[in-house]
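Open the model in your viewer and follow the stops below in order. Each stop gives a selection and then what is found there.

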Amino acid sequence: PFTIRLHYMAHQRVERPNFGVATYRNDGLLVYGTSSHKEGLVIDVVEGQGYPDFTMPTLTLLSGSYEITVAIFDEEDIYKYDYHTRLYPFKVKNERHDEGVTRVKHVWKLTPVEDAEEL
């Protein structure tokens with residue numbers, strides 16, 4: 001599992017905030033980005049201190065260096081309350097020898113064909 005915790009300090013009441021996270025490979029490639037509103041989570045109001053957690057049950061990134069962007073916007077994604085662009089680096093090391101950025105869930109299945117005409 002992989003959790004990104006976004007701590008906030010709201011000095012005044014913020015209605016319908018939209019929390020966002022994005023993961024970039026260290027060369028700037030956007031791997032994945034989403035927000036609480038895109039996921040259908042509407043937060044009515046935040047005041048004072050708190051944090052939402054963004055948790056991936058399984059981290060499927062392949063070995064490499066990555067950076068996290070976190071943000072808090074208004075509900076229309078226009079006004080940025082706070083925006084930290086690629087400020088949180090992390091590395092992934094695993095024993096997979098796949099290529100690319102992420103491991104896609106999949107299954108291999110071999111079906112022998114006895115007659116070439118079936119192809």
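Start by selecting Tyr-79, which counts as partly exposed because its relative accessibility is 47% (buried is under 20% relative accessible area, exposed over 50%, partly exposed in between, with a 1.4 Å probe and protein chains only). Tyr-79 lies in the loop between β7 and β8; strands are DSSP runs of E, at least two residues, numbered from the N terminus.

This is a predicted model, in which local features need pLDDT of at least 70 and side-chain atom pairs count only at pLDDT 80 or more, while totals for chains, interfaces and linings use all residues. Residues are numbered from 1 along each chain as its sequence is written, and side-chain values use heavy atoms, with hydrogens and water left out.

Next, select strands β4, β3, β7 and β8, which form an open sheet in the order β4-β3-β7-β8 with antiparallel pairing (two strands pair if DSSP finds at least two bridges between them). At its edges are β4 (30-35) and β8 (80-92), each pairing on one side only.

Arg-25 stands opposite Tyr-66 in β7.

Last, select Ile-4, Phe-19, Val-46 and Phe-90, the residues with the most contacts inside the largest nonpolar core, which has 19 residues (a core is a set of buried Ala, Val, Leu, Ile, Met, Phe, Trp, Tyr and Cys residues joined through side-chain atoms within 4.5 Å). Elements giving two or more residues to this core are β1 (2-5), β2 (8-15), β3, β7 and β8. Strand β7 gives the largest share, four residues.
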